[in-house]
Amino acid sequence: MAECSACKQEMRNNVGCTLEQYANRDKPRIPYNRGEPGNCHDCGTPDGELHHPGCDMERCADCKGQQISCDCNYKPPTIKKGLILKVLELNDGLCMDNKEEREKLADELQKAINSDLLSQVERNAP
Ligand SMILES: [Zn+2]
Ligand SMILES: [Zn+2]
Ligand SMILES: [Zn+2]
């Protein structure tokens, strides 16, 4: 018995997984690309179908490395510069008339916030 935790199918039946995308990722998963008929030696999925999560043959949609060993799952959330600019615009006192100054300040804030987010993720990493 080896039931897939994502799709609840029995992997030994050589069926493809139905989970199309991981909840914490923004790209769909990459299907098995064996290039010839046959099944994945690890999870049993047929060529052209999706691996079951945890399979060592699955490629990462972002870095194309091995899904189970790549770092993409631990990518920190990032803040967008547009959001910071919005905050600065709403704040009357801050460089309201000087677009260049505001851009510069937004860049600095974005860098500071993102590096802070990154350090939090690194602390929480397994
Ligand atoms: Zn599955
Ligand atoms: Zn597989
Ligand atoms: Zn990756």
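These are my notebook entries on one chain, taken from a predicted model.

**Entry 1: the whole chain**

I began with the secondary structure. I found two helices and zero strands in the chain. Next I looked up burial. The chain has 126 residues, and buried residues make up 14% of them.

**Entry 2: the nonpolar core**

Which residues form the largest nonpolar core? I listed eight: C4, M11, C17, Y32, C40, C43, L50 and C55. I left aside its neighbours within four places in sequence. C43 is then in contact with M11, H51, H52 and C55. Two of these names, M11 and C55, are also on the core list.

**Entry 3: M57**

I looked up M57 next. M57 sits in the segment before α1, and that helix spans 81-90. Is M57 buried, partly exposed or exposed? I noted 16 other C-beta atoms within 10 Å, so M57 is partly exposed. A residue needs 20 or more to be buried, and 12 or fewer to be exposed.

I then checked what M57 touches. Setting aside residues within four places in sequence, I found contacts with Y32, C40, D42 and H51. Y32 and C40 belong to the largest nonpolar core. I also looked up the spacing between M57 and C40. They are 17 residues apart along the chain, and their C-alpha atoms are separated by 7.4 Å.

**Entry 4: I68**

I68 is also in the segment before α1. I68 has 15 C-beta neighbours inside 10 Å, so it counts as partly exposed. Which residues does I68 touch, not counting those up to four places away in sequence? I wrote down G54, D56 and E58.

I checked backbone angles here. Most residues other than glycine have a negative phi. K8 has a positive value, near 65°. K64 has a positive phi as well, of about 65°, although it is not a glycine. Where are these lysines? K8 is found in the segment before α1. K64 is found in the segment before α1 too.

Why does K8 count as exposed? I noted 8 C-beta neighbours inside 10 Å for K8, and the cut-off for exposed is 12 or fewer. K64 has 10 other C-beta atoms within 10 Å, so K64 is exposed as well.

**Entry 5: H41 and G38**

I finished with two residues in the segment before α1. One is H41, and the other is G38. H41 has 10 C-beta neighbours inside 10 Å, so H41 counts as exposed. G38 has 11 C-beta neighbours inside 10 Å, so G38 counts as exposed too.

I looked up one distance for each. H41 and N14 are 27 residues apart in sequence, and 9.8 Å apart from C-alpha to C-alpha. G38 and G48 are ten residues apart along the chain, with their C-alpha atoms separated by 9.8 Å.

Notes:
Residues are numbered from 1 along each chain as its sequence is written. Chains are lettered from A and ligands numbered from 1 in the order in which they are written. This is a predicted model: local features need pLDDT of at least 70, side-chain atom pairs count only at pLDDT 80 or more; totals for chains, interfaces and linings use all residues. Helices (H or I, at least four residues) and strands (E, at least two) are DSSP runs, numbered from the N terminus. Two residues are in contact if their C-beta atoms, placed from the backbone, lie within 7 Å. A nonpolar core is a set of buried Ala, Val, Leu, Ile, Met, Phe, Trp, Tyr and Cys residues joined through C-beta atoms within 7 Å.
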